[in-house]
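Thank you all for making the time this morning. I would like to go through one model with you, beginning with the overall picture and then turning to a few places that I think deserve a second look.

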Amino acid sequence: MNALSFLVRKQIKNYFLDLIRRPARLVVTLCAAGLLVMMLISSQKGSSAVHGYTDIRLLHGIFLGWLLLIGVPSLLSALKSGTTVFKMSDVNFLFVSPIPPKKILIYGLLKQMVTTLFGFIFLLFYSGMLMQNFCITIFGVVLLVAGSVAYMCFIEVLSLLIYSFSNGKPARQKAVKSVLYLFLAAIVFTILTVYLKSGCGKAAAFAAVSSPYLEYFPVVGWTKGAVFALIGGSTAKAALYGGLFLISFFLCLFLFEKSDADYYEDVLQNTETRFEVQRAAKERRVAVSARSGRKVRVGRKGIGRGWGANVFFYKHLCEARRRSRFLFISFSTLVMLGIDLILCFFVNSSGGNVLTPNRLLLIALAANTYILFFMNAAGDWSRELGKPYIYLVPESPFRKLIWASMTSVLKPVADGAVIFTAVCIVLRASPAVGLICFLAYASFGFLFTAGNILSQRIFGGMANRGLVAFLYIILLLLLLAPGIGAGIAVYYQMGNSPETLRLFLSGLPAAAWNTVASLIIYYACRNLLSDAEIE
């Protein structure tokens, strides 16, 4: 164990030395830390002056949904391809060293726990919103983050156990998947049952998502129960759920250790695969999966259409058709629609003043735009830059730029048409407000794609991806500011006009500015693809 302790000390020391030797990263880290501290202090002062808190039962439901959102996909992914808590450096040095495997596994789990903790630090940036809207302190926010970290560490161990149990056995994989789906169905059934028994009103919705029965569900319920028991000051209840959590954690770890599978062999391929993906991302190329030999369901072959630069557009359409039968309308569209409806319902029922349908539609627009920012970063355009073919096509760089990013621009248009039409009908909002929300959302998607192109033009292939992401966000804020500012000015200038007219006209400057700015950026960056050395 002395060797592992020495390794940990050296890793911590090298991390800080590397931070000092890279001033740009050090400045960004210090600025982020300072911003976080200021936000926590100001939020703590501001929350003490707020009297109209939102019902904390809503936070129960949000936290439960958050745990399911980060846990279930991880388990489903581990069921197919396994998981790992190691890196290639661990494989090259620890796996061949004379250290007991159990100690190496404990080292990997502790290291993964610390990594997960730092990965969830960003949640603290939402502490201001939580403290100002719910009756919790900074201690409660820290408990929410700590609970998320502990839960994800449990998911890692459970993923290892599930993979070792079902690897290479289709019948077991199907059984595990069925149990997981039944578990989710039981949670949904419990929420619906409590909701119906409580009278199907607004209070019933809060009672349903915060029902004590949900805390009886293993792991996810226990985590939620322990966190909110500590927030509420119930030490005995927190100890009960925390004890159940720890017993289950060590039981899973014990069963994994006693399984016949050699975890060295199990995690080796997954570690290599993750390392290859990370290295490919840094080098802006496509990773070749070690699992490429598995069967792939093949439908219609070939791109079918296109000549010259527009081949990239039809290629992206072909890829979209494989993901969804409706091309741009995919599962993510339905997920965003569900999030909008749930968000509008709870926002409308959480405060004393009921918002109008038009204002609820604006809240849906803000939520969708926030999600679109992250989705756009992983669009077809971003993936295309990691391949050499776009530079080899003997076409005009401007034409290649337009056609390669076309689907990234059209996807928000299709999503916005479906989402805002449905939300507008459900909320019975004004069609004019629904139209301006659709136009604004489509223009935001256009500007996000243009901003991605501009970021590539300015920053290129900088090694420090964290710094690039930070500068990219600042760049987008600068691009968005004129349109949003003009929209706010128009809204307040029309103080005595009807709400529908005010909202519609105030949305036009933002949509127009986003479109014009995007076109200018496209033209200014028209030679981006003329030279592959930009990458």
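Let me begin with the contacts in this protein: of those between residues at least 6 apart in sequence, 76% join residues that are at least 24 apart. Please keep in mind throughout that what you see is a predicted model. Its secondary structure comes to 22 helices and zero strands, and of its 535 residues, 43% count as buried. The protein exposes about 28700 Å², and carbon and sulfur atoms supply 70% of that area.

Now to the interior. In soluble globular proteins, nonpolar side chains tend to be buried together. Here the largest nonpolar core has 46 residues, and those with the most contacts inside it are L361, W381 and L529. Several helices give two or more residues to this core, among them α14 (331-350), α15 (357-376), α21 (465-493) and α22 (499-524), while α20 gives the most, with 11 residues. Apart from this core lies another one, of 38 residues, which includes L68, I162, F245 and F256.

To return to L529 for a moment, what does it touch, if we leave out residues up to four places away in sequence? Its partners are W381, L385, I390, Y391, P397, K400 and L401.

Next, a helix pair. Helix α13, residues 311-323, packs against helix α19, residues 406-427, at an angle of about 50°, and their axes are 9 Å apart. Angles between 35 and 65 degrees fall in the oblique class, and α13 and α19 are therefore oblique to each other. On the α13 side the contact is made by F313, H316 and L317, and on the α19 side by M406, T407 and L410; these residues divide into four nonpolar, two polar and no charged.

Finally, two backbone details. Most residues other than glycine have a negative phi. V219, however, which is found in the loop between α9 (202-209) and α10 (220-232), has a positive phi, near 65°. R428, in the loop between α19 and α20, also is not a glycine and has a positive phi, of about 60°.

Are these two residues buried or exposed? V219 has a relative accessibility of 12%, and because buried means under 20%, V219 counts as buried. R428, by contrast, is exposed, with a relative accessible area of 76%.

Notes: Residues are numbered from 1 along each chain as its sequence is written. This is a predicted model: local features need pLDDT of at least 70, side-chain atom pairs count only at pLDDT 80 or more; totals for chains, interfaces and linings use all residues. Side-chain values use heavy atoms; hydrogens and water are left out. Axes are lines fitted to C-alpha atoms, for helices over the stretch in contact, and angles run from 0 to 180 degrees between N-to-C directions. Helices (H or I, at least four residues) and strands (E, at least two) are DSSP runs, numbered from the N terminus. Angles under 35 degrees count as roughly parallel, over 145 as roughly antiparallel, 65 to 115 as roughly perpendicular and the rest as oblique. Contact means heavy atoms within 4.5 Å. Ala, Val, Leu, Ile, Met, Phe, Trp, Tyr, Cys and Pro count as nonpolar, Asp, Glu, Lys and Arg as charged, and the others, Gly among them, as polar. Buried means under 20% relative accessible area, exposed over 50%, partly exposed in between (1.4 Å probe, protein chains only). Accessible areas come from the Shrake-Rupley method with a 1.4 Å probe; for residues, only the protein chains shown count as cover. A nonpolar core is a set of buried Ala, Val, Leu, Ile, Met, Phe, Trp, Tyr and Cys residues joined through side-chain atoms within 4.5 Å.
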